[in-house]
Amino acid sequence: MAAPPLVSAVMAVHNGAGLIGETIASVLAQSHRAIELLVVDDGSTDATAAIVEEWARRDGRVRLLRRGHSGQALALNDGIAAAQGAFIARIDHDDLWHRDRLTAQLAWMAGEGLEVCGSWVRRIGEARGVMRFPRGHEAISYETLFTCPILDSASLFRGDVLREHPYPESAIVRTEMVQLLRLLPHYRFGNMPRILAEYRIHGGQKTLRLEPLARYRQRQLQEQHFAQICPDATDERATFALVTQGGPLEREQLLALAELFARRLRPPDPEARRRIVRHWRALTRTRAERSLGQALRHHLDDRFLA
């Protein structure tokens, strides 16, 4: 039998001493044993490096790389450059893997013909619930118009994908979505419909500390993706931008959105279409002016869903 493929787990961390030990333990406990863990210490000033060094003394599969503080993207690229595996798995210092994560994803990637594989994720910490990301490539692509449909800490990449496409230095926030939009046109994505990772919500998260910038960047990326999916819809980009903005939607705005959804966002893929319908109904339910009558709601639904 062929030897199991080596998987390189890559983590970038800055001042993560409080949580990194539990995360390392979850990586090393994988049922898939052919694994190395590369931890890139991005200029930490706490005990992060000492904790990783202790793990490296106990388990030779752990390697510590150190650099001056320059941001997550460049730190990740250091880890990717040093990775020896045929596959590269991402893990953030505050998230956790389930024991069979790699075993399950490697088999599913082969069966589905994927270059990038995510999974469902359970929230832990200051929030609860399961993030049931779309399964298929087309559904992932259309879901990206509304939210980020893949989590880095649950993502397994064919190694050459990340080696040929390192993270851009400009990806200060929403790093995984920036990379997703770069790779979607060239590689096949999928999310395994099984909970294989845990995503920790806590006050020290970068996305919470930099929340205004993260929201702004998220809107930019959604609008960029609409332009990629619908390159001939130049005149409708301002209408799509209503999806990315907060605040109530007035009657004329909803009518314009109904026309746009009907013309542009009706993919033949059943999963993609089901999820778009849910997003549409959320728009009319949560962002419509309170004065919007039930009759108009039915008219909007009929126009889009017909």
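Trainee: Which residue lies over the face of tryptophan 97?
Mentor: Arginine 101, at 4.3 Å from the ring centre. The rule for a charge over a ring: NZ of Lys or CZ of Arg within 6 Å of the ring centre and within 35 degrees of the ring normal. Keep in mind that this is a predicted model, where local features need pLDDT of at least 70, side-chain atom pairs count only at pLDDT 80 or more, and totals for chains, interfaces and linings use all residues. Residues are numbered from 1 along each chain as its sequence is written, and side-chain values use heavy atoms, with hydrogens and water left out.

Trainee: And what about tryptophan 120, what lies over its face?
Mentor: Arginine 132, at 5.4 Å from the ring centre.

Trainee: Switching to ring pairs. How many aromatic pairs are there?
Mentor: Three. Rings of Phe, Tyr and Trp (its six-membered ring) pair if their centres lie within 6.5 Å; planes under 30 degrees apart are stacked, over 60 edge-to-face, the rest tilted. Phenylalanine 226 and phenylalanine 240 make a stacked pair, 4.5 Å centre to centre with 5 degrees between the planes.

Trainee: Which parts does that pair tie together?
Mentor: Phenylalanine 226 is in helix 9 (residues 211-229) and phenylalanine 240 in helix 10 (residues 237-244), so the pair links parts 14 residues apart in sequence. Helices here are DSSP runs (H or I, at least four residues), numbered from the N terminus.

Trainee: Is phenylalanine 226 buried or exposed?
Mentor: Buried, at 0% relative accessibility. Phenylalanine 240 is also at 0% and counts as buried. Buried means under 20% relative accessible area, with a 1.4 Å probe and protein chains only.

Trainee: Why is the pair of phenylalanine 261 and tryptophan 280 called tilted?
Mentor: Because the planes are at 50 degrees; the ring centres are 5.1 Å apart. Phenylalanine 261 is in helix 11 (residues 251-264) and tryptophan 280 in helix 12, so parts 19 residues apart in sequence are tied together. Phe146, Phe261 and Trp280 form one aromatic cluster.

Trainee: Pockets now. What volume does the second largest pocket have?
Mentor: About 150 Å³. A pocket is an open set of points on a 1 Å grid where a 1.4 Å probe fits, with protein on both sides within 12 Å along at least five of seven lines. The volume is the space filled by probe spheres set on the points.

Trainee: Which helix gives the most to its lining?
Mentor: Helix 12 (residues 270-286), with four residues. Lining residues have an atom within 4 Å of a point. Among them are Phe146, His279 and Arg287.

Key. Helix = DSSP H or I, 4+ residues; strand = E, 2+ residues; numbered from the N terminus. Buried < 20%, exposed > 50% of the residue type's maximum accessible area, 1.4 Å probe, protein only.
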